[in-house]
Amino acid sequence: PEHIRNAVVLPRYVRVNTLKASVDNVIAEFVKNGFALEKAKPSSGLLRSNTLCQDEHIPEILLLPSNIDLHDNKLLENGSIIIQDKASCFPAFVLNPPKGCEVIDACAAPGNKTSHLSAIMQNTGKIRAFDMDKRRLQTLIKLSGRAGCKNIEPILGSFLDADPTDPQFKNVEYILLDPSCSGSGIVGRMDHLLVTTADLESEEVEEADSARVASLAEFQKTVLLHAFRFPAVKRVVYSTCSKHREENEDVVAAVLAAQSDFGLASEVFPTWERRGLQIVEGGKLHLTSLFILFYLARIIVHAFYFLLSAHNLIRTDPSQDHVIGFFVALFERKPARLAAAA
Ligand code: SAM
């Protein structure tokens, strides 16, 4: 049937936790267990059984067959590998906090990006990991413990209640912000719930979700603007697993329009080709005066979004890139403002 043909099957991605093991050691362990190392990802994106390959963009990511059963895997149990989609590794990878710095992971649980930050920082410095959900924060504590992270301080509560002027945050220079989103970019794996691109693209689903997406977008703008208020912050990475422009490029446009301290970083992840949809600085391109003009304008704007792409935003396309649908924007404090803050 149509919906099965349109289903996107992704490889199983694991991230090597460099706090516990090296990429070479993990590959050697798989090879010892009968796996063959492929030089490159097959064009279908799908690995044959008992093969693996190293990711072309992020070296600590390995691709495994979609239907691999990792439940009793020793490397998983001892925290040497972490099941994490490739795209979900982009935020910590592009934020790239240096050793010894202070970081906030604003919406952190269950903590895959937190433990990735911890590995990038080689277990130095300090990561404050906020989450409002007690059960999810417990999972973060358990998983980051298994991963050997020693620089994470879990904080149960809303990031919005963290006062940027509180002296305890005065040295925070990096913020990772991966807030609640519609999840519309999540596509299934063979052994998971099969969500199809046909479902995601259906008008009905879009209509039913539009109020929820609008309210999520409001929340996303609020938390981003809150992140910009921390006095020493140099870089903020924003990400969603949504394919909706409203939660992605529109949020970026709105926060760029609402303040002048932070702009988009250029040259972000240059080896990744797929970029974001075009945004217009200063806000949304919506003509509200006349009903017909509004709809005409929407059609024109949508056409532009597809013709142009915003070079310093990152997007993924599950069917082309073989990863979940994802969006990443990296904000940087503008140099003059950085000097003034120093
Ligand atoms: N970054 C996580 C990871 O990679 O494992 C996934 C984060 S998930 C997309 C969003 C999280 O934000 C949820 O766990 C939710 O409980 C949390 N959250 C929602 N509102 C929040 C707030 N105001 N402050 C802190 N956390 C919040």
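## Close-up views of the predicted model

**View 1. The chain as a whole.** Among contacts in the protein chain between residues at least 6 apart in sequence, 79% join residues at least 24 apart. Please keep in mind while you look around that this is a predicted model. The protein chain holds 12 helices and 14 strands. As for burial, 37% of its 342 residues count as buried.

**View 2. An open sheet of five strands.** Follow the strands across this sheet and you will read the order E2-E3-E4-E1-E5, with mixed pairing. Strand E2 (36-38) and strand E5 (81-83) are the edge strands, each pairing on one side only. On average, neighbouring strands of this sheet are turned by 35 degrees against each other, direction ignored. As a reminder, strands of a sheet pair through backbone hydrogen bonds, either parallel or antiparallel.

**View 3. Strands E1 and E4 side by side.** Here we zoom in on one pair from the sheet. Strand E1 (residues 12-16) and strand E4 (residues 61-64) run antiparallel, and four bridges join them. To find your bearings, look for Tyr13, which stands opposite Leu63 in E4.

**View 4. The shell around the ligand.** The ligand is surrounded by 19 residues. Cys107, Lys113, Asp133, Ser158 and Asp178 are the closest of them. Helix H5 (112-120) supplies at least two residues of this shell, and so does strand E7 (126-131). By residue type, the shell divides into nine nonpolar, five polar and five charged residues.

Note on methods. Residues numbered from 1 in each chain as written. Predicted model: local features only at pLDDT ≥ 70, side-chain atom pairs only at ≥ 80, totals over all residues. Pairing = 2+ DSSP bridges. Axes fitted to C-alpha atoms, helices over the stretch in contact; angles between N-to-C directions. Near = placed C-beta within 6 Å. Nonpolar A, V, L, I, M, F, W, Y, C, P; charged D, E, K, R; others polar. Buried ≥ 20, exposed ≤ 12 C-beta atoms within 10 Å, placed from the backbone. Contact = placed C-beta atoms within 7 Å.
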